[in-house]
Amino acid sequence: MISDPPELFAADRGVPLGSWIKMTGLESTEIAARAGFDFVVIDLEHSMLSMSDAYRHIVVASANGTAPLVRVPSHDHGIVQRVLDGGAAGILVPHVDTAEQAEAVVRMVRFPGAGTRGSGGTSRAGGWGLRSRADYLRLGNEKALCIPQLESEEALRNASAILAVEGVDAVLIGAADLALSMEVPPGDPRLTALVQSGLDAAKAAGRPCGTAVGSATAATAAIEQGFGFVVAANDTTLLAKAATTLVGEVKAQPA
């Protein structure tokens, strides 16, 4: 039997730590994997990555033992299907505001009986046709992660209903877009309370709730707060900060 993708939410793994991939260069994913990230999120929503770029990142992540998740740009059945057949361990879906939207997204991920995903067993997910049909269907229905992003007041009010949808494996609270939708700055008490309500709903449902942060300090604080997975920083900003720091340090030296 062809092996399954890495089990991201295994009980003995601790809190999974990942990072966003936004650059086309495959070195980003290889470096992230070698650094020890448990997963990467290949970002098709807020980057110029193509489907071909995403596919190559999936291959590199898988080859290096890091779970490749893909944030799709929209609620598009065709994109979801192609990403999963390309070998993604799961998808993050932006702007899921209601249980009905969550149900529709889940159906894109699962095969008939539970959903509407078409069969593509000759794809990478199907082991190029070498994975048995039964195993290919099992992988899609039992292993492919479906992670809605909760990014609005409506979504957080509906968090319990979204988390109750069969096939929703976890949620990620998008605090940046949530703050925009509320027209409040980061750290506003109303924002903090709403994020906490989503985290509490996930705990009550027994599902992991994730967050995205920009630093090691924030990642540690999120884990201590009880988040079940954390997406920390991204390849572009990590490079930009390192480059800016280096140039600043060199030019600050006396001539």
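This is a predicted model: local features need pLDDT of at least 70, side-chain atom pairs count only at pLDDT 80 or more; totals for chains, interfaces and linings use all residues.

Me: What makes the pair Asp85 and Arg117 a salt bridge?

Reply: The side chains of Asp85 and Arg117 come to 2.8 Å, N to O, and the cut-off for a salt bridge is 4 Å between a side-chain nitrogen of Lys or Arg and a carboxyl oxygen of Asp or Glu, so the label applies. Asp85 belongs to helix 3 and Arg117 to the loop between helix 4 and helix 5, 32 residues apart, and the pair thus links distant parts of the chain. Over the whole structure, the search finds 12 salt bridges.

Me: Why is Asp43 called buried?

Reply: Its relative accessibility is 0%, and buried means under 20%, so Asp43 falls within that class. Asp43 is part of strand 2, residues 39-43, and, with residues up to four places away in sequence not counted, Asp43 touches Trp20, Ile21, Lys22, Leu49 and Arg71.

Me: How do you know that the side chains of Asp43 and Lys22 make a polar contact?

Reply: The distance for this side-chain pair is 2.5 Å, while the limit for a polar contact is 3.5 Å, so the pair qualifies. Lys22 and Asp43 are also linked with Glu45 and Arg71 in a network of salt bridges.

Me: Why does the pair Glu45 and Arg71 tie together parts that are apart in sequence?

Reply: Their side chains meet in a salt bridge at 3.3 Å, N to O. Glu45 sits in the loop between strand 2 and helix 2 (51-63), whereas Arg71 sits in strand 3 (residues 67-71), so the parts they tie together are 26 residues apart in sequence. Glu45 has a relative accessible area of 19% and is therefore buried, by the cut-off of under 20%; Arg71, at 7% relative accessibility, also counts as buried.

Me: Why are Asp135 and Arg138 said to be separated by about one helical turn?

Reply: Asp135 and Arg138 are 3 residues apart in helix 5, which means a separation of about one helical turn. An α-helix has 3.6 residues a turn, so residues three or four places apart point the same way. The side chains of Asp135 and Arg138 meet in a salt bridge of 2.6 Å, N to O, and Asp135 counts as buried because its relative accessibility is 5%.

Me: Which residues touch the most other members of the largest nonpolar core?

Reply: They are Ile42, Val70 and Ile91, in a core of 54 residues. Apart from that core lies another, of 14 residues, which includes Leu92, Leu172, Phe229 and Val231. Beyond its neighbours within four places in sequence, Val70 is in contact with residues including Val41, Ile42, Leu44, Ile58 and Val83.

How values were computed. Residues are numbered from 1 along each chain as its sequence is written. Side-chain values use heavy atoms; hydrogens and water are left out. Helices (H or I, at least four residues) and strands (E, at least two) are DSSP runs, numbered from the N terminus. Buried means under 20% relative accessible area, exposed over 50%, partly exposed in between (1.4 Å probe, protein chains only). A polar contact is a pair of N or O atoms within 3.5 Å; within protein, one must be able to donate a hydrogen and the other to accept it, and residues adjacent in sequence count only if both atoms are side-chain atoms. Contact means heavy atoms within 4.5 Å. A nonpolar core is a set of buried Ala, Val, Leu, Ile, Met, Phe, Trp, Tyr and Cys residues joined through side-chain atoms within 4.5 Å.
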